Protein chains: 2
Amino acid sequence: MAESNLEVQGYIVPSEVPTHWYNIMADFPEPMAPLLNPATKEPATKEDMAPIFASHLIDQELSTERYLEIPEPVREIYSQWRPSPLIRAARLEKMLGTKARVYYKYEGVSPTGSHKPNSSVAQAYYNKLEGMDKVTTETGAGQWGASLAMACAMFDLGCEVYQVRASFESKPYRRMQMHTYGADCYASPSDRTESGRAMREQFPDTSGSLGMAISEAVEVAVKNPKAHYALGSVLNQVLIHQSVIGLEAMAQLEAAGEGTADVVFGCAGGGSNLGGLALPFMGRELRGEAPRHTRIVAVEPKSCPSMTEGEFRYDFGDTAQTTPLMKMYTLGTDFVPDPIHAGGLRYHGMAPMVSHAYHLGLMEAISRPQDQTFAAGREFARAEGIIPAPESCHAICGAMDYLKSGEAKDGEVVLIGISGNGVLDLPSYDAVLGD
Amino acid sequence: MAESNLEVQGYIVPSEVPTHWYNIMADFPEPMAPLLNPATKEPATKEDMAPIFASHLIDQELSTERYLEIPEPVREIYSQWRPSPLIRAARLEKMLGTKARVYYKYEGVSPTGSHKPNSSVAQAYYNKLEGMDKVTTETGAGQWGASLAMACAMFDLGCEVYQVRASFESKPYRRMQMHTYGADCYASPSDRTESGRAMREQFPDTSGSLGMAISEAVEVAVKNPKAHYALGSVLNQVLIHQSVIGLEAMAQLEAAGEGTADVVFGCAGGGSNLGGLALPFMGRELRGEAPRHTRIVAVEPKSCPSMTEGEFRYDFGDTAQTTPLMKMYTLGTDFVPDPIHAGGLRYHGMAPMVSHAYHLGLMEAISRPQDQTFAAGREFARAEGIIPAPESCHAICGAMDYLKSGEAKDGEVVLIGISGNGVLDLPSYDAVLGD
């Protein structure tokens, strides 16, 4: 990783994009429970997953190696916006009157405005490498769909996105973004798949669901030998790709002379941003390379509290119950969260890696209601200029409550994960906070 | 400026934000024609401008000093996103089959997604320093209004924006962005000013105009001793603030081992992005510190071709004819451009600094029609991931035509100014290019 470093006041940049992704599987004190084949209840094999995912990605999904080399073409694309900035929140500190030292790791500088390209670029790369013609995926609000569309354009790979019909119709910007990148985007349920047609017949007026869109995307991939499916969160491979966030943040904090963070706040939906940011910190301590020190706090939506109110058990990843079974904190596949605006956090489960860490007591979790998170996001915007994504507002809200409580000691280092910017989410700010 | 530098593959970062702005007034071989007081036709004095602008900003407007120190609080804010990335367009080069080395200087990483905060932060700072309670401005599409609103939030300064009614109603995102920062935003003509009320009486159904909005913003500033007016382009002070773009780009090209650029393409509306990027290159050669070498090419909209089809003469900056007279390339204050989507380029005139340079033969200008610019922007997005702002698409279009023509020599260094990202302009892409 970073050899030489430099500090530019608030914006701290280490010299290099990481050369390897980090996989916490190698460092957990107890192994994670395996994925199960739902038919046999036996551990899922590479063969089980071959119709759906690229071979390299399945290897990553099952890998227990600590460091996985980032292929040069992926690293080259990362280098367009990575290392992403680590920024000292000097004006926020002043506004809150805290003597803690507050930093945020900001993923909103990527071309699509979030951390999602960290995985979409890798997934597109491996699928192209293995001769696929296209990848398919589902998307809700569209952040993941747009990021996969971008990555596919870069590798000249087809991209077929099934977008929940309600979002397709009410949030046209993300669809236009996918089109600009050359992706095909269909309102789901569509008439293009068997599962879509069956759904439309049964519920002619449905506005769709994430579970339905997954079923359509998986069906297209399974039926086409030159197509695979891609997922933007939850899976081990995704959290491994996202580890660049935390690896960079550790190097940047060292470059800033801080050593490490005392507390890390991350937003928790499927777990990709939180896991990417926090697990490298956790792993360093598990390996004994640093003393056990950094508190990691996941901040969930009150209306979708997988860790704070869910159960730790095997469950499906999708509502249609077609995925391998995963051991995770879950509210159950039939859980329907309130229609909160942080679309990226409306998921019934939690990434198995994050769930395992939480189960082992290696991290904490809290939840916050929507209105408080947007209010915190607006305070942050007025201090720091960046309007955070609704998902990121959760991390900010948790951190600000902590800083306002006076619990933080003088000089304590607080790190906040900002998963993206909220420019396309301004109507949500408007709806929740009014004028 | 930058002492030590580093190269991170495509993304090149010099070590420091510039400590000084650059003012080409010091280096022009012939002096610029002064601003004139429209009543007396005499050169405008500091006193003439005192009711409208902060004292420090008037000094900058009239300054002939080469380097003006950037106040530390402004530089600290710049450092959140500056130095902005200079990126090697490796995939674009491959797509075009060119042997030129293509770079772009990308301003879309700022919190509001464009270069506008480079000046809004400075203007807000000086107004706060001089005890103002608020600043007023006009905005069309909203890029400038949002950037000024952000800067005012950072300095705890009031901000009152008059937005052209048509945009206020059809482009709600920018208005919501201003509200999130705590600014007041009114559809213009409003009933809050004499000029607004007069306009509404005369034309009850008007959808407003930039000229009308300027009149309202200036009226509020002039009538309130604790308020000043702020402008986002055209003025010398704005081009001076924007010089950080070019100063950084020069240091970054040196860091990349390129020496300098052979050709620079910039989009030209009011001139703030083009001037900020190109004038530091021009000045270095005018001072004899580098051989005369770099071609500078302004790319205008075909429908608003100030330099390529306008006259070089004294004219007003606004349609209501209330500003000082400026010697510039102009289409006349009564020129009404086609309703192109690059709102930032729909201006009848051109910054006097850029106009003077063009008049002296120090740069070139070309124009491109809207459909070609969006098509170029989409090609760029598919290669580089970034969806450029419609204004930036003009610079890209000019550069891509040049690169496709085969005129560029092997190894030639081509620099493109990307003024911002086009995330909030996706409906314009959709409207012009369709699905």
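## Aromatic pairs

Over all chains of this predicted model, a search of the whole structure finds 22 aromatic pairs, a pair being two rings of Phe, Tyr or Trp (its six-membered ring) with centres within 6.5 Å, counted as stacked when the planes are under 30 degrees apart, edge-to-face when over 60 and tilted otherwise. One of them joins Tyr22(B) and Tyr67(B), a tilted pair at 5.9 Å centre to centre with 50 degrees between the planes. Because Tyr22(B) belongs to strand 3 (residues 20-22) and Tyr67(B) to strand 4 (residues 67-69) of chain B, this pair ties together parts 45 residues apart in sequence; strands here are DSSP runs (E, at least two residues) and helices likewise (H or I, at least four), numbered from the N terminus.

Tyr22(B) is buried at 3% relative accessibility, whereas Tyr67(B), at 37%, is partly exposed (buried is under 20% relative accessible area, exposed over 50%, partly exposed in between, with a 1.4 Å probe and protein chains only).

## Interface of chains B and A

In this model 47 residues of chain B are in contact with 47 residues of chain A, contact meaning heavy atoms within 4.5 Å. Between them the chains bury about 4,300 Å², 60% of it on carbon and sulfur atoms, where buried area is the accessible area (1.4 Å probe) lost on putting the two parts together, summed over both.

## Basis of the values

Local features need pLDDT of at least 70 and side-chain atom pairs pLDDT 80 or more, while totals for chains, interfaces and linings use all residues. Residues are numbered from 1 along each chain as its sequence is written, chains are lettered from A in the order in which they are written, and side-chain values use heavy atoms, without hydrogens and water.
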